[in-house]
Amino acid sequence: MTAHQGILILLMVGAVGVAVSDDGNRNGKLGGWLASRADVVPVANAAYGEECSACHLAYQPGLLPALAWTQVMDPAALGEHYGDDASLTETLRTEIASYLVAHSADQASAPRSRAFAVGFDAKAGTGLPRITETRYFKRKHHRVPASLVAGNPEVGSFSQCHTCHRGAAKGIYNDSQIDIPGHGPWED
Amino acid sequence: MTSPLAIVLVATGALTLSTPLLAADAAAGKAGWTKEYPASDGSAARSCATCHGRDLTQPGRQANTGKVIEPLAPSVNPQRLTDPAKIEKWLLRNCKWTIGRECTAAEKADFIAYIKTQ
């Protein structure tokens, strides 16, 4: 090996070392970079992020299938939005609806996101569809007692994902970043 | 032919802006702020304070979701009342939810006049 090649290899090893420790520093206390990868693609539409985050976190589009978003974004449905009024101008409504449908759970490649579309039935139930009523959501949360949800003033309902999932705004929902108010991390 | 049109537009804009301002009554807005209205679904009576509280310099809480709402008072939150479209949108939603109908132009002007003094 020539001296020239040796230096090159050393440089490359150095570069890799820097990249790893940088990543480790950023996410180290949260359980390493593998644990902090997004399970669901984060929100990437300004109008949606602004309009649909005023009353709760802006749910990632990959948490519901396209048919469900179409029902939620219907003009009349927005006026009677789970007991609240979330009506929008027609321009904003169509922009947001097409963003949600294009990035919905059935269009997603992330496995955790696709899981939210499994078994969805648009005709089931009387009210608007809910993430918290999908088959996958119910399977993942059936061991969480009501005392930690409805009976917990800092949570209130399962719809407040971010109160327990610290990475919810970034689309991170895996077990390692759970911190339930008044209870702490989730031990399996 | 473009200038007369522009003048008409400017005049209309000035009218819609100044009419409510002239009539606005901060004291009426303050009284309206805590006035309670029965809810049609049998839940607790509602007022603007249900979500924004009585002290507008303090954060409020969205009654249905618990999400924190930043203070409405421009004295502590200068971003407030700076975007007319945002104000219109929320007055429409909040009047319908709180009072059960849209607010009149005079009611809206009174609320804004009151919030401005906070």
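Chain B and chain A bury an area of about 1100 Å² between them, and carbon and sulfur atoms give 42% of it. Buried area is the accessible area, taken with a 1.4 Å probe, that two parts lose on being put together, summed over both. In chain B, the residues B:Thr65, B:Lys67 and B:Arg93 lose the most area to chain A, together 46% of what that side buries. The contact involves ten residues of chain B and 13 residues of chain A, where contact means heavy atoms within 4.5 Å.

The model is predicted: local features need pLDDT of at least 70, side-chain atom pairs count only at pLDDT 80 or more, and totals for chains, interfaces and linings use all residues. Residues are numbered from 1 along each chain as its sequence is written, chains are lettered from A and ligands numbered from 1 in the order in which they are written, and side-chain values use heavy atoms, with hydrogens and water left out.

The model scores ipTM 0.71 and pTM 0.83. The predictor's confidence in each residue is its pLDDT, from 0 to 100. Chain B averages a pLDDT of 85, and 81% of the residues score at least 70. Helices are DSSP runs of H or I with at least four residues, numbered from the N terminus. Over residues 4–20 of chain B the pLDDT is below 50. Beyond near neighbours in sequence, this stretch has two contacts in the model. Where pLDDT is low, the predicted coordinates should not be read in detail.

Helix α4 of chain B covers residues 84–99. At 1.5 Å a residue, its 16 residues should span 22 Å, and the end C-alpha atoms are 21 Å apart, which agrees. The expected span is 1.5 Å times one less than the number of residues. At the start of α4(B), a side-chain oxygen of B:Asp83 comes within 3.1 Å of the backbone nitrogen of B:Ala85. Just after the helix, B:Gly100 takes a positive phi of about 90°. Among the buried residues of α4(B) are B:Leu91, B:Arg93 and B:Trp97. Buried means under 20% relative accessible area (1.4 Å probe, protein chains only). The cover over these buried residues includes α3 of chain A, together with α3 and α5 (105–116) of chain B.

Notes:
Helices (H or I, at least four residues) and strands (E, at least two) are DSSP runs, numbered from the N terminus. Buried means under 20% relative accessible area, exposed over 50%, partly exposed in between (1.4 Å probe, protein chains only). A polar contact is a pair of N or O atoms within 3.5 Å; within protein, one must be able to donate a hydrogen and the other to accept it, and residues adjacent in sequence count only if both atoms are side-chain atoms.
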